[in-house]
Amino acid sequence: MFSHFLRSTPAVLAFGAVGLLLAAPGAAALDQPPRPPGPAAAPVTVPALQVWRPGGRDFVLKPGTVQLQVDPRDADELAGDARTFAEDLEALSGRKVLVRVTPDRPGKGPGVIRMALERSLAERGLESSRIAVDGDVTISGPTSDGVFAGTRSVLQMLRQGDRIPGGVANDWPGYGERSLMVDNGRKYFTPAWAKREIRELSYLKYNRFRWHIADNAGFRIQSVSHPEVVSPEHWTKREVRDLLAYAKKYHIEVIPEIDMPGHMQYALRTHPDLQIVDANGNRNANNLDPTNPAARTFAKEILDELIPLFPGRSFHTGGDEYTGDWTKYPVLTKWAQAKYGPDANAQDAVLDFTNHLNSIVRSHGKTMRIWNDGAQGGVKVQADRNIVLEYWSTQHGGVLAQEFLDQGFQIINANRDFLYDVPGMTPTWNNVDPRKLYDSWNMTDYHDWIGPNTTQPHAKGVLGGQLHVWNDSPSAATEEQEAGRLDMPLRAMSQELWESPLSGGWDALAARAFAVGKEPQWRLLAGSTQNLAQGALTWSSARERPDCHEAMLVDGDERTRWCGPKTAPQSVIVDLGRQVELGTVALAWETAFASGFSVDASNDLRTWRTLHSTTSGDGGLDVLPVTGQGRYLRVAMTERGTQYGYSLREIRAYAKDALVPAQFGVSVDPAIVLQKPGATASGTLTVTNASAEAAEVTWTADAPGGVTVTPASGRITVPAGGKATAAVKVSGVTEPGNATVPLSVTARSLGETVRLGGADLVVTMPYGTLSDAFNNVSVTTDGNVNPPGLGNGFDGAGSSYSAEALAQAGVVPGTPFTVGGVTVRWPDVPVATANNLVANGQSITLNGTGSTIGVLSVASYGPAAGDWTVWYSDGTSTKVRLSTPDWTSAPPSGSTVLATMNYRNNSATGRTERRTQLFYQRIPVDPGKTVTALTVPAVSESAVRGAPALHIFNISMG
């Protein structure tokens, strides 16, 4: 609350140098120019320090070994933290750090850092700290939590240089719980990723890691009592224990979540008998039946096994989004009325189950947490008041935050409008914008779907706040991209929850974030591209759309982009992490490029040196030779090159004399080769070099098991401005399907092996018929919308065609459709069995002549576009690119619709009133040649919610 008041007033950062970020083109100007730092300037940290009193001698980190002292009286509590601090300080400074348990007082030697407990500091909370700087540094706190928080502040100070000004800092958090939630249920995250996020959270003074382990798309933790519920990609208990120990080392409490009784599709896929049944007899694949004693036993067995694994104080059991229509499940109402009387309702049955779970959790000595919508709606049953609620939404029930507090609940602010990041979900919603989060929201604001929803500052029962990353579209972003999307929002949320005085709004906080950088052991992706910008902290003057994250500029993926508004000027700034002599900057523009822009570098965000400028930019890829030094790189856009705003896909930066992968191209021709049994297929690898120097490169083929590539590697010299080739032969594929051979090209640069690029050679052996390759079920009956084998549904979201709706439209197994003399047929297979191929580059044998190949197909989450390859008996091939319309959306003009149905089925909700369609598409062929095979586009391995998939039902020639 205090920090928001300060943000609304014109002011200047205490540490003026970092405030100069605001002077970047496109940023709002301060009412008065920033002052250079003076003797009273407070050290810069994120979150900002609560109180700073200048005085005393500066601390200087001198060459040689750093002395880190722990008082013997405090060694039992602080020795482990001292070792962690030493690891981080060594990674940050490059110096050796010696940890000593000694009673020596400060001042005994220059440059000593001391850690000590001081119980009297508990007045401001157990995480409070004091940092006294007078030649030496003494970090103290009432508990090890407080002392450890102080070590994070000192690391941030030393991240900016070897000197800390003399003075005393007193620091404490505004809110006791400061948390990040990660959806690991829908998307698997590696242990290495989780550990890095733990370190980052600790560096920013968070103290909770909320781990959403199970959801409809996955159950990501080993279970001995129920191994059948576990996803192939999961964490073993050994990996979990290792993470828990690592989190403890960094003073982060892990709070796991096993979502129930809803969001359980993966766990229930082998337990249909435990699924809730609706009024029509359909089972909901997502939801456990809380009235079924066997279902309660199932839940208890899982919880009794997993709860003891986690040493923290809390365990989350979900409880959210059970249903939007409580009348749909009369079994709930019947059960509740039998137990609680005729006035009871369906929600009472679920609340009874919630309280049952609470008794299980509390029997293990822990506090249960659920989402707020799981604690409302009952007539006879109320959720136990000792359950903590994570308040995310008023959309499901409409109980306001203050009403929950008045009922005696404790709550966490999890406002879905500001604190949810959901990659790939929508362009406008669920894309966390740190500027919006910091400048337009505070901890008194809760989700306001039904109207104003606020509490008083620090209202009794408000424990803290939580940022979230959800993976409803698990393939929309890699784990590295998700880390990047979180970088700056984590810093904004950290300051919100710490509530220390800070003026200047988001731009001022972003400048501080740049000054302190990332946690000391942060590393780039495995393998080196020598792109200094990859994964860096980024800032932009504005976003045109919420989903155009600044982090997309440095995620290594040119399919993503940052987009800025039409107003000029606009700027983006990247923190390269260290001062570097730059040699090349590469800018990959989207359609909306800047015709006028400059590339500038700075070491302090105060003084900028222009490395390149132009007023005649033409978009595309700009590979710019530059000369100059800097830690921060700015692209300042002053003139639009199109009618649109500004849009950049990627910024890459390279040190002087480094090879620049963007100047090299790698391709293989043909990209797909057809192999017959016992035969050999051939391809040619081509490497191009657009740089001014010749390069010696090494190429390597990483053949999968059973496949032989000859030769398997080689070395070629690629002339400046030219190209070089290498021929390869592939054999060994014996079964229908595809084998992908990755070809990678590397070179030595600045003492490292750098990957310049790669290409995939796909070896395809055709299936005898299309039906041999069927791998997806598309049709269910209205009486059984979730039959065995449906899995995640035709579209990856539980949906399917209705057999009855198809029949009403005249489509039954074997139905022919004739278009332009070509007849395609609806697959003549039983309902609820595989009847289509999810296209991922497979090949199908054809043997005939004609002028057309007809295809009966649709896309889910489409359209789905790709290349179809027609193979002829003379060894030649042709490619045709088609875009297949979505099965439920209005098709584009010119589409050939074979059938339209009025509704579809869903494994969770039953009949859904939404139109579905079937389409015919035409592939022209040479009538003078014999077609031997057709290779379908490589779109996706399977149907996944939110990602395009191409479904092929029939292929015919005519």
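User: What does "buried" mean for a residue here, as a relative accessible area?

Analyst: A residue counts as buried when its relative accessible area is under 20%, and as exposed when that area is over 50%. H468 sits in strand β21, residues 462-469.

User: Which residues does H468 touch, leaving out those up to four places away in sequence?

Analyst: The contacts of H468 are L180, M181, W371, A414, L419, Y420 and D421. As for G751, it is 283 residues from H468 in sequence, and the two C-alpha atoms are 40 Å apart in space.

User: How many of the residues in the whole chain are buried, as a percentage?

Analyst: Of the 958 residues, 59% are buried. The chain exposes about 36100 Å², and carbon and sulfur atoms supply 50% of that area.

User: What does the radius of gyration say about the overall form?

Analyst: A compact globule of 958 residues would have a radius of gyration near 30 Å; the chain has 31 Å, which agrees. Along the principal axes, the C-alpha atoms fill a box of roughly 90 × 85 × 50 Å. The chain contains 16 helices and 53 strands. Of the contacts between residues at least 6 apart in sequence, 73% join residues at least 24 apart.

User: Where is the pLDDT below 50?

Analyst: Where pLDDT is low, the predicted coordinates should not be read in detail. The chain as a whole has a mean pLDDT of 92, with 94% of its residues at 70 or more. Residues 1-20 have pLDDT below 50, and beyond near neighbours in sequence this stretch has 58 contacts in the model. Residues 22-39 are also below 50, with 41 such contacts.

User: Which residues of helix α3 are buried?

Analyst: An α-helix has 3.6 residues a turn, so residues three or four places apart point the same way. Helix α3 covers residues 75-93, and its buried residues are A75, L78, A79, D81, A82, T84, F85, A86, D88 and L89. The elements that cover them include strands β3 (66-70), β4 (97-101), β5 (112-117) and β7 (136-141), together with helices α4 (144-159) and α6 (237-249). Just after α3, G94 has a positive phi of about 75°.

User: Is each of them buried or partly exposed?

Analyst: E321 has a relative accessible area of 36%, so it is partly exposed. L605 is at 0% and therefore counts as buried.

User: Where are cis peptide bonds found, and what is omega there?

Analyst: One joins V46 and P47, with omega about 0°. P47 is in the loop between α2 (16-19) and β1 (51-54). Another joins T710 and P711, with omega about -15°. P711 is in the loop between β33 (708-710) and β34 (713-718).

User: How many charged side chains are there, positive and negative?

Analyst: The chain has 86 positive and 97 negative side chains. The centres of the two sets lie 4 Å apart.

Technical notes
Residues are numbered from 1 along each chain as its sequence is written. This is a predicted model: local features need pLDDT of at least 70, side-chain atom pairs count only at pLDDT 80 or more; totals for chains, interfaces and linings use all residues. Side-chain values use heavy atoms; hydrogens and water are left out. Helices (H or I, at least four residues) and strands (E, at least two) are DSSP runs, numbered from the N terminus. The radius of gyration is taken over C-alpha atoms; the globule rule is 2.2 Å times the number of residues to the power 0.38. Buried means under 20% relative accessible area, exposed over 50%, partly exposed in between (1.4 Å probe, protein chains only). Contact means heavy atoms within 4.5 Å. Accessible areas come from the Shrake-Rupley method with a 1.4 Å probe; for residues, only the protein chains shown count as cover. Lys and Arg count as positive and Asp and Glu as negative; His and the chain ends are not counted. The place of a charge is taken as NZ of Lys, CZ of Arg, CG of Asp or CD of Glu. pLDDT is the predictor's confidence in each residue, from 0 to 100.
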